[in-house]
Amino acid sequence: MKVEIGLVHLVEVLPLRLENHIRRIICTYLPSSLPCNFNFRLNSRNHLRNDNRLSRSPRSSPFSSSLRFSSTFFQRVYQYNSVMAARHPAVDDLFSSLNSSPASLPVNFGNDSPNLISFDDDGEEDYDNTPTTSKPLMVFDRFYDSSSEDGFYSTGSGAGGGGSTGGDNSLVHAAGNRLDYMMQYLDRKLLTVDGKDNELKQALEEVIGSGGGRGMFKLPIKAAVHPGRPPSLEFRPHPLRETQIGCFLRILEGTGDGRQLWAGSECGVRVWDTNDMYSAGVDDGEDEVEVRFYESVRTSPTLCLVVDDGNKVVWSGHKDGKIRCWKMLQASDDPGVPFRECISWQAHRGPVLSMVISSYGDLWSGSEGGAIIVWPWEALEKAHLLTREEKHRAPSVVEKSYVDLKNQVTANGISCSILSADVKYLLSDYSGAKVWSAGPFSFALWDAYTRELLKVFNIDGLAENLTTIQDLTAEEEAKMKFASYPKKEKTQSSISFFQRSRNAIMGAADAVLRVAAKGAFGDDSRRIEALIVTADGTIWTGYANGLIVKWDANGNRLLDFQYHSYAVRCLCTFGLRVWVGYVSGTLHVMDLDGNLLGEWVAHGSPIIDMAVGPGYIFTLANDGGIRGWSLLTPGPLDKILSSELSDRELLYTRLENFKILAGTWNVAQGKATHDSLMSWLGSAAKDVDIVAVGLQEVEMGAGFLAMSAARETMQVGLEGSSAGQWWLDIIGKTLDEGSSFYRVGSRQLAGMLIGVWVRNNLRGNVGDIDVAAVPCGFGNAIGNKGAVGLRMRIYGRIICFVNCHFAAHLEAVNRRNADFDHVYKTMSFIRPPNLLSSAAVSSAIQMARLENAMGTLSVDDLPELSEADMVVFLGDFNYRLDDISYDEARDFISQRSFDWLREKDQLHMEMKAGSVFQGMREAVITFPPTYKFERHQVGLAGYDSGEKKRIPAWCDRVLYRDNRPDSSDICSLNCPVVASVMQYEACMDVTDSDHKPVRCIFSVELARVDEPKRRKLFGELIKSNHKIRRILEEQCNVPEAIMSTNNIILQDNDTSILRITNKCGQDEALFRVICEGQCTIKDKKQASSHHPRGSYGFPRWLEVKPTVGIIEPNHIAEISVHHQGYETLEEYIDGAPRNSWCEDVRDKEVMLVVEVRGSCTTERKWHRVRVRHNQSLSDRHMPMEQKPDNSHRDHANALHRSDIKWLTGSRDVVDHLRELHTP
């Protein structure tokens, strides 16, 4: 297979460097396995300038294709190159902004020219014709050979014979797509070069403050692939918060096979098919698109999810106390139609906080006040098997079957702290047949078989004494058990007065002890936040102080370690690794010994949950974004992916252009006329997309300032005063709010007010509105001076507007500098009052921001303003003119000698010294000073002529900072926001205040990631890159293992040993034993099918230990399979046992499945083991599978096993294993 690319240009003198760049970039975007020839020709005379053949591989193929780039491409590239070189001398060509270039490829000089299309003037179109303006010029052309039937791709014949394979075809198709993306990007760039050039010619010169790019003024790191973290799959790009109100995602769970990812939201559940995770996604009407998903009907907020892989259902617990059951996604489901639950019932009177399925298939649920209820699998199965006509009875069948563990414990006279704490977490220890429950500060262990309370201990591992009341009569116990259902009112039991008093006193004493131990806020920082069980059977817990503790299956504390000071929010485990998500957005990867393997900032908001998918750990952030991280991270795969994605940056880059109008005005407690507002904002807003307005001294006075300070302290009434609302309304009317603009947010602090409006056609791309206020007056407590800010996200980039009013008077330069420093360090954005309840806000992060004000700013805790892509400061900064008298200033103003006046400007002098506005930019001022004027006096004669005769000054200013470290950078993903000032002027005809309003118009170019294209490219790299494929094959292999038997017969209370041998000499093998189902054997014939219990749980007559574990290379694991006697079944009705019977299990057969996989892969191999109870020792006959090839499982995934031999007791197992050949 060969692709020939003829590079044809009609420019007489084309820089060789540009040719090399073109060659380099095309090589980058073609697969490394795809050979290609480059042939440079010159002008329409068709003489050969050089015939440099550049080949990736010497092999040839009868399959060939050609790409031709028209002369327009080279003319436009040359034009763009010239314009950019003239505009920015440091940028000498189009591709100078690329991070790196591929290694130089070998160049072979040959005399033979490939047979491309003819370029004779009479045989081809005239490339010298000037293109018409009616049709945009495209920078690439495609052609196909007339003999080709495939259009762009042709299949030729050669000596080798044959055509291209399907893989070759797809490879060339991918190459064509990549070239398309690259050329479309260049086309957009070149088509706008003329317009941008005209704009930049109009751009004003700027003054840049010293000291930028260092310390807290360091620019945020921006790149196509973030250098500080591994590459990730943007499964769900960060959605705008305003679009998620009422439907935020809060929980994440993956199915056992990794094919589906389920999420619980505030309005129901959502599911993704992970087979679509590399697709471009579907457009749901918003600009950001995500992987196609399926959504349920609206429900109460979902608080917990449990996946039952055995029965292909998902259980969800909700805020309204209901549990709902959902069928897993089917291929025939329509994503446009909301799906409904198959069963639902009222489980608790309060919210369902946690759920888990035990090792015996029962569903456990926890709620407030220590309530734990068990829903037996028999009742759930019965509800599932009801016919469609009987489905209406399902809720009643399940509701009556509940077992209330809290009431059972209290009925037995046991009192402990866990019974009064909310059950936030439930965890099933399949290997130990236990269930863990956890409140904020304590744990409880329950026997999954008997459902008895085994142990209660606190977060330090200290066991709590279970106080038991012994003098209860049988009648009293029965009454206590009877009055237990949470939906019904509890009846009064006949417990004696002294017994009830004792219980009350002990409960109160426990509460007092807990409060005393809490000691201010110390205990709250040790709150339990996460709970998981790992592959080696240990339990891991995470705490609010960042501590992680490792426990054994019996609740004994083994290890504790801490690598981060922020709160742990979630834990996830896969293979031999544990992933830890923190409230700071940091993600840690550790091994099972607690050693830190890697850490990075995964999200800009807290990581609230994680789930395992096919090859990825998916992290859910508080903002709703979901990212996938390779299971091999950190590792060599990260470097390769980062390099490949960086080299292909142009393929997923989108450019946006918009204009911002920023206006500032000190209104001096006055009101403006309509004409004044039209002069200031109305005329200028016609051609802009965003309007940001900052006002000062909207309302003043000692009483008002005191009330404002009280409201800020109590965080109430932050919507502003009536005067502020008047200004917002009148400005909105001037901007034609509603028809043309939409107000996205505002904030008032005393007399300072900021408001931002965006055009309606831009509204869908603007969101995540946060506001802030920082007082600077009277010891940084009063808002007569200070700042208010508004932060917004547009096209995925952060822009902040900050309206400031700094200290007054000529000599207060240092105070003004200090005001700016305080504002920049401590401005912390929060959600507007109407959005505060939509999701939790981390107090830990807010505390870190407050520490910055105390001078404890660290490199890792930069101010929030430093994280923005663009910051616009506007307001009355109050910087004056030094060393000049009133009369001198008036004379220079009348002569419009602003150059000399600018040299006296305090702000410019301080910026030059690096004392304030470090790294900020301001357009050169060409308008008269805006302070101080007499009201309602027109013209320059209106300057203050009273007794004080204040010297005119440029108090009202607009400054900004974008992503550019210097002026030569152009817009790209490495420098995503580039702005220039088009207008900077004062409205001298407005006389409503002693200040003149100032406005500044920015032209902003923004580069953003096209997430669907990047996601598609990500998938192409995973599937086609040879280095990546080799790493995945090496790391994701499943170790070879053998079983000691595939059939076990048990006698009463007998135990058999099943051995698993890891034949691999290098890698650990991870095993898991599940119960595929139980069936009935009749007349010693083969069972037709096995019916699984909940989540592959075991029948109650069978005990298997351990069910999970790690087998070292060339080692053997032993699994005990024990018959627990005849099963005693109890039927619960309204929480009390009504009927009980002993079930004969001699005709029952269980199919155990042993899953074996490697430490870094979701691929599994399995082996089936039949287990049957037989009463007679002589009866060892067990039916064999007649046709093992008819198994619905893939034969390639079956484990090798040793020769089959029937085993019953332990003695038979030992004798058999002696004969078994093992390493």
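1. A residue counts as buried when its relative accessible area is under 20%. By that cut-off, six of the six residues of strand S24 (residues 442–447) are buried, so this strand is largely enclosed by the rest of the structure. Note that the model is a predicted one.

2. The burial of S24 holds for both of its faces. On one side are Ser442, Ala444 and Trp446, and on the other Phe443, Leu445 and Asp447; all are buried.

3. S24 pairs with strand S23 (residues 434–438) in the antiparallel sense, over five bridges. A hairpin of three residues joins S23 to S24. Within this pairing, Ser437 lies opposite Ala444 of S24.

4. S24 also pairs with strand S25 (residues 453–458), again antiparallel and over five bridges. Here Trp446 stands opposite Leu453 of S25. The hairpin between S24 and S25 has five residues between the strands, and Arg451 in the turn has a positive phi of about 65°.

5. Another region to look at is an open sheet of four strands, in the order S31-S32-S33-S34 and with antiparallel pairing. Strands S31 (568–574) and S34 (596–601) stand at the edges with a single partner strand each, so one side of each has no neighbour in the sheet. On average, neighbouring strands of this sheet are turned by 15° against each other, direction ignored.

6. Within that sheet, strand S32 (residues 577–582) and strand S33 (residues 586–591) pair in the antiparallel sense over five bridges. Arg577 has Asp591 in S33 as its bridge partner.

7. Next, a helix pair. The axes of H10 (residues 636–647) and H21 (residues 1026–1035) come within 10 Å and cross at roughly 160°. That angle makes H10 roughly antiparallel to H21, angles over 145 degrees being counted as such. The crossing of H10 and H21 is left-handed.

8. H10 contributes Pro636, Leu637, Ile640 and Leu641 to the contact, and H21 contributes Lys1027, Ile1028, Ile1031 and Leu1032. Of the residues in the contact of H10 with H21, seven are nonpolar, none is polar and one is charged.

9. Last, a loop residue. Glu1112 is in the loop between strand S55 (1108–1111) and strand S56 (1116–1123). Glu1112 has a relative accessible area of 39% and is therefore partly exposed, that class lying between the 20% and 50% cut-offs. Leaving aside neighbours within four places in sequence, Glu1112 is in contact with Asn1062 and Glu1068. The C-alpha atoms of Glu1112 and Lys1063 are separated by 9.6 Å, although these residues are 49 residues apart along the chain.

How values were computed:
Residues numbered from 1 in each chain as written. Predicted model: local features only at pLDDT ≥ 70, side-chain atom pairs only at ≥ 80, totals over all residues. Heavy atoms only, no water. Axes fitted to C-alpha atoms, helices over the stretch in contact; angles between N-to-C directions. Helix = DSSP H or I, 4+ residues; strand = E, 2+ residues; numbered from the N terminus. Parallel < 35°, antiparallel > 145°, perpendicular 65-115°, else oblique. Left-handed = near helix turned anticlockwise from the far one by under 90°. Contact = heavy atoms within 4.5 Å. Nonpolar A, V, L, I, M, F, W, Y, C, P; charged D, E, K, R; others polar. Pairing = 2+ DSSP bridges. Buried < 20%, exposed > 50% of the residue type's maximum accessible area, 1.4 Å probe, protein only.
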